[in-house]
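Please look over the sequence and the structure shown below. The report after them is meant to be read with both in view.

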Amino acid sequence: MTSVRPPVLEAEGLTKRFGGQLALDEVSIRIQAGEIRGLVGENGAGKSTLIKVLAGMYRPDAGRISVDGTPLTRTGPSPQLAFVHQDLGIADELTVAENIAFTVGFPRRGGLIDWSQVWELASSTYAKMDLDPPPPKLPAGRLSAADKALLGIVRAISRDARLAVLDEPTASLPAPEVAYLLAALRKLRESGTAILYVTHRLPELFAVADSVTILRSGRRVSDGPMSDYDVDSLVEHMLGRRTRERISAGTPPVPGRVVVTVEGLQPAGGQPVDFEIRHGEILGLVGLRGAGQDQIGRAMTGAVPTLAGTLHVDGAGFRPSDDLRARMAKGVVLLPADRQRESTGPGMSVQENLFPGPRNRSGSLINSSAERTAATALLNRYDVRPRRPEMPIDQLSGGNQQKVCVARLLSRPQKLVVLEEPTAGVDVGAKADIHDLVRDAAASGVAVLVVSSDLEEVAALCTRALIVRAGAVVDEATGHDLTEERLTVLAASSAPAGPPNPAPEGQS
Amino acid sequence: MMAATTQSDTALAPPDASKRERGGLGGQLVQRLGLLLAFVVVLAVFTALRPDSFLSTGNVQNLLTTQTVTLLLAFAVMVPLATGEFDMSVGYHVGLAQVLIIGLQQNDHVNWIVAAALIIVLGAVIGLFNGILVAKFGISSFIATLGSGMLLFGVTNWFTGGQQIVGSNLPEVFTNISSPVFGVPIPALVAVVLAIVLYVYFERTVAGRSLFFVGSSRRAAELTGINVRRTVILAFVVSGVLTAVAGVLLGAILLTGTASVGPEYQLPAFAGAMLGATSIKPGRVNVIGTLLATLTLAFLFSGVQQIGAPFYVQYFFNGGILICAVGLSIFAAKRHRERARS
């Protein structure tokens, strides 16, 4: 690695500002040929911004980038850098070879596609990287998840890319396939390709990466060979010292009676899980992306099918056949994470979004003036700004939209609310407001389940948290253990860190 | 990961929203009342050009009578459109209903009220069929209703055997339907009553609001507890009933049953509903907008005819208006989104 050749990628002093906020603060990174470099940092640390600057999607305010010693001058994408996103952009119905040919270009003869060359191209593209090619005529949708991810990577670097930037390539892979993909990446490295490997799964870095760069609040806080780190020190660098002292802000939970019992509940694609929520408790459910925590919350509320198991809420029992509306009618509701697509009706007014469902009427007709009054009252109570019920909801800021959604849920009597990413894309003030509303609801006896990837939020808001890996509940954090730091370690581990608490054994 | 940093939308949030809107208030008003304005302009221009004939009782009564059918069909496409679904079968369906109301009386000596009731029930069944194809089997509404429309066209031709059915011994009560009462044609009165019912349905009932929520975001509607499937099916049933009523009225106006009548109503119906969606409540189909749009188009076309345009101009009109109306509503929606983002 200590060659005289210039590094494949050399970025120096990259700075990017959004409004008054520094998203990148003089970040430098240098990657050699045949090196796999890990890039880690908590959400919002600047990883996405760095990738987008490298990809030419953002123009940096300061700093320079060179590839193989040649400075990048244009702002557009450089063909020497390949970017593979989580959403691979592979057409499932088309064959492996066609998927490759759409990127590399279709071989032609006399202006028409030369199909025998197309099949050949697929095999030779894999072979160049010392990888075993899948059958070129196989529809891409029939590949295993890892092979599909690999196809995305192979395709991206097939046009002589010097560096591949992989954004969480294993996030949606089952454990055995992760090992397969990592093995393939090591082969790629031997063929001289450099890789920038972005992940939240820290143990993977120790399996595959040569070195790591750690970002925090837009700054490069540490980098060096993997052998200089262990999981704990990575996390410490990622979070800084700030979470050390902070214990869960919630009052120490006085264990109330059990309100929610989940028994053997198995969402489609997940493991059976068991847990309880007690009166006044705000339970967090955390895990890495794709670990299956969101499916558990969705299965409880009927938003996704349940394969087996039961849910008891305050005496009322639910079977897998009870659908979303049946559960809603008994006070079991979901606040979906995706406001734009799953939670609000864009183009509809705030008032209509507050009262979309069938239970907001007196008699059979909607009384518009009474509804307006009710809407205004809710806007006041939940501090939604501006207080204009007739305004289209998509003209509100993210925080205010979320308050409308929270108001829709919490202004009615509920038994169990499942909140997905309750403060994603919400400003600090609104975040605190929403947390207060959630605490009030819990105090009034509503069972609250918070499914969030914002571990700082879980540590601050929840009274207890369960850790989900591979669809199973594998650990629990309470009291002094309920810190962002501890949750990060627990969620990122690939093997159970402690005694699996209330969970059944079942994950690999 | 890429979506991790979306805090930016809050930093630019609108405490100054009121300021922005004050600036655009004039523009908003023009957009809201644009159709009304257009209608008044059309009336004024052609009254000036043809002072004797344009607003004559005969012409107005004639327009109100014949345009009732277009208006009801515009309503019929508007209801599924609120949920984001197309009904391409209304043209063929109105043709069938029209042939049936004449044929059942003329050939099968069915009492006209019984015949009308049968046709309306059949209309509901046809709507149910469309709705099930779309909501239950997930067939694209455009394709499903295009197919069912062609099926209906087949039934119509089967029923008539390709012949025109001349209503020579229809009861006077039926033939009088198209005549005016106190100067207002009865079909127009029927249309007004149905417009009021639809208005209440859209604006004041939970079922009506569900239509729009489904149209705005199907997934969000589902997760807020709206029965999406039932909402969509109901929309098609309402559409079928409205189309059947339009067919009965069309029969009473024409007094003959012809299989080829009907399909030419499809595009004007869409033009009315879509142009209507650009005004009153911009971006949303609405009863008053559709009413104004249909009237404006009717009077505009009549006026153009009166100043000597040939008959085929109507096709340019309907095609052009459809494209312009949809273009306008996309433009309005885009501006709306941009305003929301800035």
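This is a predicted model: local features need pLDDT of at least 70, side-chain atom pairs count only at pLDDT 80 or more; totals for chains, interfaces and linings use all residues.

**Chain B**

Chain B contains 14 helices and four strands. Of its 342 residues, 45% count as buried. Among the contacts in chain B with a separation of 6 or more, 80% are between residues 24 or more positions apart.

Helix 13 of chain B covers residues 287-306, which makes 20 residues. From the first C-alpha to the last, helix 13 reaches 29 Å, close to the 28 Å expected at 1.5 Å a residue. Because 14 of the 20 residues are buried, helix 13 of chain B is largely enclosed by the rest of the structure. Just after this helix comes Gly308(B), with a positive phi of about 105°.

Asp87(B) sits in a loop of chain B, between helix 3 (57-82) and helix 4 (90-106). Is Asp87(B) buried or exposed? Asp87(B) has 34 C-beta neighbours inside 10 Å, and a residue is buried at 20 or more, so Asp87(B) counts as buried. Leaving out residues up to four places away in sequence, Asp87(B) touches Ala76(B), Val77(B) and Pro80(B), and also Asn130(B), Ser141(B), Thr145(B), Phe236(B) and Ser239(B).

**The largest nonpolar core**

The largest nonpolar core has 235 residues, and Ala164(A), Val448(A) and Leu73(B) touch the most other members. Helix 11 (residues 228-254) of chain B gives the most to this core, with 16 residues. In soluble globular proteins, nonpolar side chains tend to be buried together.

Which residues does Leu73(B) contact, apart from its neighbours within four places in sequence? The contacts of Leu73(B) are Val90(B), Val94(B), Thr243(B), Ala246(B), Tyr265(B) and Ala269(B).

**Chain A**

The domain assignment divides chain A into domain 1 (9-244), domain 2 (245-331 + 414-508) and domain 3 (346-412). Taken over C-alpha atoms, the centres of domain 1 and domain 2 of chain A are separated by 32 Å. Their contact takes 15 residues from domain 1 of chain A and 17 residues from domain 2 of chain A.

On the side of domain 1 of chain A that touches domain 2 of chain A, helix 6 (202-208) and helix 7 (231-239) each supply at least two residues. Helix 7 of chain A gives the most to that side, with four residues. By class, this side of domain 1 of chain A has seven nonpolar, four polar and four charged residues.

Ala316(A) belongs to strand 17 (residues 316-318) of chain A.

**Distances between pairs of residues**

The table sets separation along the chain beside C-alpha to C-alpha distance.

| Pair | Separation in sequence | C-alpha to C-alpha distance |
|---|---|---|
| Asp87(B) and Gly183(B) | 96 residues | 34 Å |
| Ala316(A) and Gly290(A) | 26 residues | 30 Å |

**Confidence in chain A**

The pLDDT of chain A averages 85, and 91% of the residues score at least 70. Where does the pLDDT stay under 50? One such stretch is residues 242-250 of chain A, for which the model has 13 contacts beyond four places in sequence. Residues 495-508 of chain A also have a pLDDT below 50, and this stretch has 31 contacts in the model beyond near neighbours in sequence.

Methods:
Residues are numbered from 1 along each chain as its sequence is written. Chains are lettered from A and ligands numbered from 1 in the order in which they are written. The expected span of a helix is 1.5 Å times one less than its number of residues. A residue is buried if 20 or more other C-beta atoms lie within 10 Å of its own, exposed if 12 or fewer, and partly exposed in between; C-beta atoms are placed from the backbone. Two residues are in contact if their C-beta atoms, placed from the backbone, lie within 7 Å. A nonpolar core is a set of buried Ala, Val, Leu, Ile, Met, Phe, Trp, Tyr and Cys residues joined through C-beta atoms within 7 Å. Domain bounds come from an automatic or database domain assignment. Ala, Val, Leu, Ile, Met, Phe, Trp, Tyr, Cys and Pro count as nonpolar, Asp, Glu, Lys and Arg as charged, and the others, Gly among them, as polar. pLDDT is the predictor's confidence in each residue, from 0 to 100.
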